[in-house]
Amino acid sequence: MPTLKVKEEAKNLISIEHLKKYFAVKQGLFSSAKYVKAVDDISFNIPKNSVFGIVGESGSGKTTIGRTILRLIEPISGVIRYLSTDITSLNARELRIFRRKMQIISQDPYNSLHPRKLIKNIIGECLQIHFKLSSEEIYQRVKDILKQVGLREEHMFRYAHEFSGGQRQRIAVARALVLKPEFLVLDEPTSSLDVSVQAVILKMLKSLKRDFSLTYLFITHDLAVIDYMADYMAVMYLGQIMEIGSKNDIFLSPRHPYTLLLLNSIPNPDPRKKKKRVLPKGEIPSPIDPPQGCRFHTRCPYIKDKCVKEEPEIRELSKGHLVKCHFPLG
Amino acid sequence: MQKVRGDLLNISKLKVVFYTYRGIIKALNGVELWMNKGERLGIVGETGCGKSVTALSIMGLIEQPGEIIEGDILFEDKLLTSMEENSLINIRGKEISMIFQEPNAALNPVMKVGFQIAESIGKVKKKKIGKEVYAEVRRMLEIAGLDWERTINLYPHELSGGMAQRVMIAMALSSNPKLLIADEPTSALDVTIQAQILELLDELVKKLGNAVILITHDMGVAAEFCDKMAVMYAGNMVEYARTTNIFENPHHPYTRGLLKAVPKIGRTDELQSIQGIVPDLVNPPSGCRFHPRCEHAMKICRKDFPPLVEIKSGHYIACYLYGKEDIQNADT
Amino acid sequence: MLNTVKNIRQKGKIKLFLEQRKPIIEDWKHTYYLWKSTPLAMIGTVIIFIFLTIAIFAPLLTSYSPTEQFMEERLLPPSSQHLFGTDQYGRDIFSRVVYGARIEVWIIFIVSIISVMIGIIVGITAGYFGGVVDEILMRMTDMFLAFPRLILAMVLTAVLGPNLTNTMIAISLVDWTVYARLGRAEAMKVKSQPYIEAIRAVGAKDLRIIVFHVLPMSISPVIVQLTLRMGTIILTAAGLGFLGLGAQPPTPEWGAIVSDGRSYLVDQWWISTFPGIAIAFVVLGFNLLGDGIRDILDPRLRR
C-alpha cells in the first residue's frame with residue numbers, strides 16, 4: 001500500500017495559512033453574486049500533542065473551519081500543512097491515505113452513526129477501506145477499540161438506536177480512533193449531551209489523548225469546556241480570528257473586546273460581578289454582509305472612528321498572544 | 001391537598017404518565033413544588049427529569065397521550081388540576097404565561113410580527129385591533145429593546161433568535177401575568193445573546209413584579225437569575241433551597257454529582273462524573289429513582305420514594321440520608 | 001460466524017445469527033402485526049397470492065393447451081368442459097387466461113427489474129453528485145416524462161417491432177423516470193446526513209458510499225412505488241397487447257385475448273370478458289397491496 005513519507009521534526013502538527021472558504025448564496029438573475037465568508041483568511045498553528053480550542057458563536061465559521069482543515073469542505077485558497085506536507089495539493093488518492101491520520105467527531109450523536117448497520121460494521125468498515133485484514137483481525141481491533149472507550153464486546157452486535165447519546169459519542173470516538181490517527185477535529189462533541197454525560201466524555205477524551213498521543217482541534221461555544229480541555233485557543237467572529245494565544249493568557253488577560261464580552265456573558269451567580277460587567281449590544285451580523293472595517297465594530301463598546309473605516313492588523317502583544325484590534329485592551 | 005408552602009403556586013404529589021407503544025412513561029413521580037408571589041424559581045435537571053412536563057402541567061397543556069393521574073396544582077386559591085378547559089383558558093396567557101425554547105415555533109410564519117402581538121393583546125384585553133392596540137404593541141417592542149418601526153412589519157423568519165425571543169417575552173409579559181414560566185428560553189441562543197435576553201428579563205420582571213419559573217439545564221443561568229432553585233431527577237424534585245445554599249451546601253447526592261460534573265472557568269479540580277445513566281422512565285427504578293447511581297444507596301432507598309424533609313429553614317431535600325431525626329446532623 | 005463471545009459460545013450458529021439480527025426481526029414482527037391489522041393489505045396480498053399460484057401451477061389447473069386450436073369447438077359458451085368458453089379458433093379461454101397469468105408475471109418481473117435499475121442508477125447518481133451531473137440527468141428524465149406514457153410506449157414498440165420483449169422494454173423506458181425522481185430525492189436527503197460525512201472523513205470512495213450507504217437507505221420508497229405501479233404496468237401491457245403492439249398471436253397475453261374477442265363482444269361475450277376480469281382483479285390486488293404497504297410504512301415512521 002503506498003504511503004507518504006513525512007518529516008517528523010516539525011513542532012507543529014497542523015499549520016494553516018491564509019485559509020479561505022466562501023459559500024455562494026443563490027441570488028436572482030440580476031443581482032451580483034453574494035458569498036457567506038465563512039472562513040476569511042485564517043492562519044494559525046496547532047502544536048503536536050496539544051489541544052487547540054476554537055471558540056465562537058453563530059456565523060463565526062468555527063464549524064466550517066474544522067471541516068475545511070480535513071478537506072471535507074474544499075477551501076477556495078490557502079494552505080493546510082500536516083507536519084511538512086501540503087495537504088491542499090494532494091490528489092484524491094493521496095488524500096485518502098492521509099485521512100487515516102486525521103478524523104472528525106461531530107456534534108450530533110443521533111445522526112453520526114449509520115442507522116441500519118451493526119456497530120461492528122460501522123467501525124469495521126473503516127478498517128476495510130484502508131487495510132486488507134481478515135475478519136478475525138477486524139473483529140479483534142473493533143473489540144479493542146470499544147474497550148478503550150468504555151464499551152463492551154457485545155455492544156458490537158447492536159444498532160445505533162439502542163444506545164444513549166453519550167454512548168453513541170463513545171462509538172463515534174471509537175470509529176475515529178480505530179485507524180490510529182494523530183489528529184482529531186472535535187466539533188462540539190458534547191453540546192448535545194447532558195451535563196453529567198459531558199463530564200464522562202470530556203474525561204475520556206483527555207485520557208485517550210494521553211494514551212494515544214493525539215492532537216485535538218476542539219471547537220465549541222462553551223468557554224468553560226475550553227478552559228477544561230484546551231492548551232491554546234482562538235476566538236473567532238464572522239469568519240476571522242479576533243484573538244489567539246495560550247488558554248491561560250487569554251482567560252487571565254483577554255485583550256480583544258469581543259473576548260472580554262464573551263467572558264462577561266457567561267452567567268455568573270455572584271451578584272457583585274454582575275453589576276459591573278459590560279455586555280455586547282445588538283445582534284450578531286450576518287456573515288453574508290459582514291461590517292466594514294473591524295467586523296466587531298457594530299457591537300463593540302469601545303468603538304472609535306478608525307474601527308469603522310479600517311480593518312485592523314493582527315498584532316503580537318506578547319509571545320504567542322495575537323490580537324486583531326486597533327485598540328487592544330489592557 | 002397537602003401542605004401549602006407557597007402563596008402563589010403549590011404542586012403536590014403530581015404524577016403524569018404518557019401512553020406510548022413502548023409502554024407507559026412515568027414522567028412525573030409525585031412532584032412537590034411551590035413558590036411565592038414575585039419570587040424567581042429555577043428548575044434544574046437533565047433530559048427526562050420532567051421539568052418541561054411540570055411546566056406544561058401547570059399550564060394545563062398535558063394532552064393525549066399524556067395524562068395527569070394524580071396530584072394537585074394550586075394557583076393562589078384555584079385548583080388548576082380540577083378545572084375545565086374553558087376556565088383554564090382564562091388563566092393561560094393571562095395570569096400564567098409561558099415562553100419556550102424555540103420562539104419561532106410559537107409564531108405564525110405567515111403573519112407579520114406586529115399583527116401577532118396585536119392579536120394577543122387584543123385577546124387579553126378584549127379589545128379590537130386598532131390604533132390603541134398598536135400603540136400598545138409599539139410600547140412593548142420598545143420595552144423589549146427592539147426597533148419597533150422595523151420589527152412590526154417583519155415576518156417571524158426574518159427575526160434572529162434573540163429578536164424572536166424578545167418578541168415572545170414582550171407578548172408573554174403584555175398581560176402582566178402573576179407567573180411567567182420560561183422553558184429553556186436561552187438554550188438555543190448564542191452566549192452573548194443569552195446574556196442580553198437574561199438581562200432584559202431581569203429588568204422587566206423587576207419592574208412588573210411577576211413571579212418567574214426558569215427551567216434550564218444550565219445551572220449557571222439558573223444561579224444568576226433565580227432566588228431559589230429546585231433540582232429535579234427522573235420525575236421527582238430532589239432538592240429545593242435558596243440558590244446560594246444549593247451551590248455552597250448541596251445535600252442531595254445527585255445535586256452534588258451535578259455540581260462536580262460542570263466545568264467552570266478557573267476550576268482547578270478534575271471533573272467528576274456520576275456513574276450509571278439516566279433511567280428508562282418506562283421501567284424506572286423502584287423507590288428513589290436515583291438509587292442505582294448513588295454511592296450511599298441503602299435498602300430503604302429501593303422501597304419508597306423518600307419524603308420531602310426540611311433540613312434547614314427553607315432548604316428541603318428528598319433523601320433517606322436526611323431523615324427528620326437527622327436535621328441536626330445534616331451537614332456532612 | 002465467530003463464536004468468541006464467551007456467554008454466547010454455547011449457542012448454535014443459527015441462534016447467534018438470529019440474536020444479532022434481533023432488531024431487524026423485531027421490525028419484521030411489528031410489520032407483520034400491522035399487516036394483519038390492515039384489512040386492505042391483507043385482501044390485496046391474498047389476491048396477489050392467488051394470482052401467483054395460478055401462474056405457477058398453470059399446467060396443473062388446465063386440461064387444454066392455451067394455443068391448440070379445436071375448430072369443431074369454436075365459440076362455445078362457458079360450460080363444464082370449457083370453464084370460460086372458447087374463442088373463434090376453438091382455443092380454451094380458461095387455459096389462455098391461466099397461462100396468460102404467467103406472461104403477466106414475467107412482464108412485471110422484467111419491467112420492474114429494468115425500470116428500477118435504470119431509475120435508481122440515474123436518480124441516485126444525480127442526487128448524490130448534484131451540480132452539473134444532476135442537471136443533465138434530470139433534463140433527460142424530464143424529456144422522458146414529457147411524453148404521454150402510452151403514446152411513448154406505442155411509438156417505441158412500433159419502432160422496435162411489436163413483440164413481447166419490446167413491449168417490456170418500452171414500458172420500462174417509460175416507467176423508470178418515477179424511480180429516478182424518488183431515488184434522487186432520497187439520495188439528496190441521505191447525502192447530507194452526518195454519518196455519510198463521517199464515512200467520507202474515513203476516506204471512503206464515492207462509489208463505496210453510493211453502493212453501500214446511500215443505495216440501501218434510498219431503496220425503500222422505490223420499492224413501495226414499484227408495488228403501487230405494478231397494476232399500471234399490467235394495464236399498460238394489456239393496452240399495448242390490445243392494440244396488437246404487444247405479444248403476438250398466439251401468445252395468450254390478456255390484452256391480446258381481449259382484443260381477440262372484439263368482434264364477438266355481443267354474442268360471444270366470454271372471449272373478452274374473462275381476461276378483462278382477470279386484468280381488473282390483479283390490478284385491484286396490486287393497488288390494495290400497494291396502498292396497504294404505504295399505510296403500514298407511513299405511520300410507523302411517526303414512532
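Where chain B meets chain A, the contact draws on 31 residues from chain B and 29 residues from chain A. Keep in mind that this is a predicted model. Chain A also touches chain C, with 25 residues from chain A and 17 residues from chain C.

**Chain B against chain A**

**Chain A against chain C**
- On the chain A side, two or more residues each come from β6 (102–105), α3 (119–130) and α4 (135–148) of chain A.
- The largest share of that side belongs to α3(A), with 3 residues.
- The chain A side that touches chain C splits into 10 nonpolar, 6 polar and 9 charged residues.

**A sheet in chain A**
- Chain A holds an open sheet of 4 strands in the order β2-β1-β4-β5, with antiparallel pairing.
- β2 (34–47) and β5 (85–86) of chain A sit at the edges with a single partner strand each, so one side of each has no neighbour in the sheet.
- Strands β1 (residues 12–25) and β4 (residues 77–82) of chain A run antiparallel and are joined by 5 bridges.
- To pick out one pairing, A:Ser15 has A:Arg81 in β4(A) as its bridge partner.
- As background, strands of a sheet pair through backbone hydrogen bonds, either parallel or antiparallel.

Note on methods. Residues numbered from 1 in each chain as written. Chains lettered and ligands numbered in written order. Predicted model: local features only at pLDDT ≥ 70, side-chain atom pairs only at ≥ 80, totals over all residues. Contact = placed C-beta atoms within 7 Å. Nonpolar A, V, L, I, M, F, W, Y, C, P; charged D, E, K, R; others polar. Pairing = 2+ DSSP bridges.
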